[in-house]
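Dear colleague,

Please find the structure we spoke about below, followed by some notes on what was found in it.

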Amino acid sequence: LLPNTMKTALLLAFALTPSTAFNFPNPFQTPLSGKASINKGKNNAIALEDALLQSIQNNDNRLLDKSKDDANINDLIQKLEATPSIPEPSIAPEIYGRWKLISTTNVNTSSPIQRTAVDAEKYSIYQDIKVNDNNQLIVSQVVKFGDKAQLCVDALASTSAYPLSELTERQGTGKILGLNLLGVSLVGDEAKEDQENNPNARIKFVFDEGNFDLFNGGLKIPYPVPFRLPLLRDAVKGWIDITYMSERVRISRGNKGTTFILVKEDEE
């Protein structure tokens, strides 16, 4: 038999540690309120964003290589994509404005021009999402070569908030005579939007016009792809699915299998 003092000590040990002894719930612990639970989820998302941004900053290349040391970045991307974020992101107010590309995968299905531009670390790349004077949604890809020179490629875009009748489903993969000149797109069932699990997450677009702006707009040179040529019109259609978005970070996956990580720029 145990001495009375030892019995008392054991009883106190079990009484004071109900949540650890045999994993019993603690009846004195106050459950998280709805607001506290939301705050906990938001703090978790912020922590994941911080870790992702730091990992990208530590990476020597804007391009991700899944076969090398970028596994941590890809893991953080997947964790953020599984984290609740701004709903219906393609029509949310936070989507509009300028976003800076900070990291991307460089898959073989992207176009040679896209791979070359992204691979040039010294050039900043932006995506502007705005509504023009004709109440049309425009997605502009901007590559800045310096203070006085940039390439701007504009695309007419479509969401449920700004539908564009021209943007029917893309039919072809984009290969021309079997060659990857403009990128290779997902089509058919592989390109279907997941409206059930991620509604209003897709922005469809068709490239429409591009120009090299030199000397602060003093000289414009047309981009050497005739986007409006009927023969190419289907090949210059695309889309991005927004898989995660907060007020500062956006993760998108494109129709050519590319993943983009962007951060929101401050409004000027």
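What percentage of the 268 residues in the protein is buried? Buried residues make up 38% of them, where buried means under 20% relative accessible area, exposed over 50%, and partly exposed in between (1.4 Å probe, protein chains only).

Please keep in mind that this is a predicted model, in which local features need pLDDT of at least 70 and side-chain atom pairs count only at pLDDT 80 or more, while totals for chains, interfaces and linings use all residues. Residues are numbered from 1 along each chain as its sequence is written, and side-chain values use heavy atoms, with hydrogens and water left out.

The protein has 4 helices and 10 strands, which are DSSP runs numbered from the N terminus (helices: H or I, at least four residues; strands: E, at least two). In helix α3, residues 71-81, the buried residues are I73, N74, L76, I77 and L80. They lie on the same side of α3, because they cover an arc of only 160 degrees around the axis, taken from the directions from the helix axis to the C-beta atoms.

There are 12 salt bridges in the structure, each being a side-chain nitrogen of Lys or Arg within 4 Å of a carboxyl oxygen of Asp or Glu. One of them joins E166 and R233 at 2.8 Å, N to O. E166 lies in the loop between β5 and β6 and R233 in the loop between β7 and β8, so the pair ties together parts that are 67 residues apart in sequence. R233 is buried, at 15% relative accessibility, whereas E166 is partly exposed, at 31%.

Best wishes
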